[in-house]
Amino acid sequence: MRIERGPRKDDEKQMRRALAQAGRARARGEVPVGAVVVSGGRVLGRGYNRPVGRHDPTAHAEILAIRKAGRARGNYRLNDCDLYVTLEPCAMCLGAAVQARLKRVVFGAFDPKSGAVCSIMRFPLARMNHRPEIKGGLLAEECGRVLKEFFVGRRLKQGSSRAARRVRPGPTARGS
């Protein structure tokens with residue numbers, strides 16, 4: 001598998017659209033990952049992480065954007081489309097990109113916990129009947145910063161709620 005380097009003309013603009021979708025996920029308390037499916041500069045599908053709110057482990061940004069693009073097209077084959085996503089896709093989402101016959105997958109930050117392009121595994125694209133071009137690291141710092149800020153905020157919030165639970169009133173003169 002080859003990871004393409006160097007942005008194409010419209011790549012940064014489309015990744016910023018994916019970042020806007022990540023902001024929607026963050027506003028809902030979901031991990032801020034966003035995605036858009038684009039054909040000829042036109043967005044066919046948008047998505048942001050929703051697994052918590054939808055009680056659905058498959059409600060990743062990529063899956064939701066691909067589903068919307070397929071409905072917009074009236075066809076699951078999206079062979080002239082590019083997927084832009086703010087985080088390296090997991091195995092499920094990369095598999096969906098192959099099944100949708102996407103032309104390209106362009107991602108922002110690398111994912112050391114579940115990235116299936118090159119972080120925790122190398123998805124066996126060479127053995128697949130369809131192989132999208134892969135481009136990684138586009139606006140990686142910005143995409144990574146959005147995720148880091150989210151998790152820092154979440155840890156701070158969890159830390160303060162844990163501290164509040166640990167503070168219990170001591171014995172009172174009446175209760176002793």
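A pocket, as the term is used here, is an open set of points, on a 1 Å grid over the protein atoms alone, with protein on both sides within 12 Å along at least five of seven lines, and its lining residues are those having an atom within 4 Å of a point. The model is a predicted one, in which local features need pLDDT of at least 70 and side-chain atom pairs count only at pLDDT 80 or more, while totals for chains, interfaces and linings use all residues. Residues are numbered from 1 along each chain as its sequence is written, and side-chain values use heavy atoms, with hydrogens and water left out.

The secondary structure of the protein chain consists of five helices and six strands, where helices (H or I, at least four residues) and strands (E, at least two) are DSSP runs numbered from the N terminus. Read from the N terminus, these elements follow the order β-α-β-β-α-α-β-α-β-β-α. Of the 176 residues of the chain, 44% count as buried, a term that denotes under 20% relative accessible area, with exposed meaning over 50% and partly exposed the range in between (1.4 Å probe, protein chains only). With contact defined as heavy atoms within 4.5 Å, residues 24 or more positions apart supply 62% of the contacts in the chain that have a separation of 6 or more.

The largest pocket holds about 450 Å³ of space, a volume being the space filled by probe spheres set on the points, with grid points joined across faces, edges and corners. Its lining comprises 21 residues, of which Val-31, Leu-87, Asp-111, Leu-147 and Phe-151 lie nearest the centre. By class, the lining divides into 11 nonpolar, four polar and six charged residues, where Ala, Val, Leu, Ile, Met, Phe, Trp, Tyr, Cys and Pro count as nonpolar, Asp, Glu, Lys and Arg as charged, and the others, Gly among them, as polar. Helix α5 (residues 140-166) gives the most to this lining, with six residues.

Helix α1 (residues 11-27) contains 17 residues and reaches 25 Å from its first C-alpha to its last, close to the 24 Å expected at 1.5 Å a residue, the expected span being 1.5 Å times one less than the number of residues. Its buried residues are Asp-11, Gln-14, Met-15, Ala-18, Leu-19, Gln-21, Ala-22 and Ala-25. Seen down the axis of α1, these buried residues fall within an arc of 160° and therefore line one face of the helix, the arc being that of the directions from the helix axis to the C-beta atoms. Gln-21 counts as buried because its relative accessibility is 6%, and, leaving aside neighbours within four places in sequence, Gln-21 is in contact with Gly-34, Ala-35, Val-36, Arg-46, Gly-47 and Tyr-48. In helix α4 (residues 91-99), Cys-93, Leu-94, Gly-95, Ala-96, Ala-97 and Val-98 are buried, and the buried residues of α4 pack against α3, β5 (104-109) and β6.

Several residues take a positive phi. Most residues other than glycine have a negative phi. Just after α1, Gly-29 has a positive phi of about 80°, and α4 is followed by Arg-101, with a positive phi near 60°. His-55, in the loop between α2 (51-54) and α3 (61-73), has a phi near 55° although the residue is not a glycine, and His-55 counts as exposed at 72% relative accessibility. Leu-139, in the loop between β6 (133-135) and α5, likewise has a positive phi, of about 50°, but counts as buried at 17% relative accessibility.

Definitions and conventions
1 Å grid on protein atoms, 1.4 Å probe; cavity = no way out; pocket = protein on both sides within 12 Å on 5 of 7 lines; lining within 4 Å.
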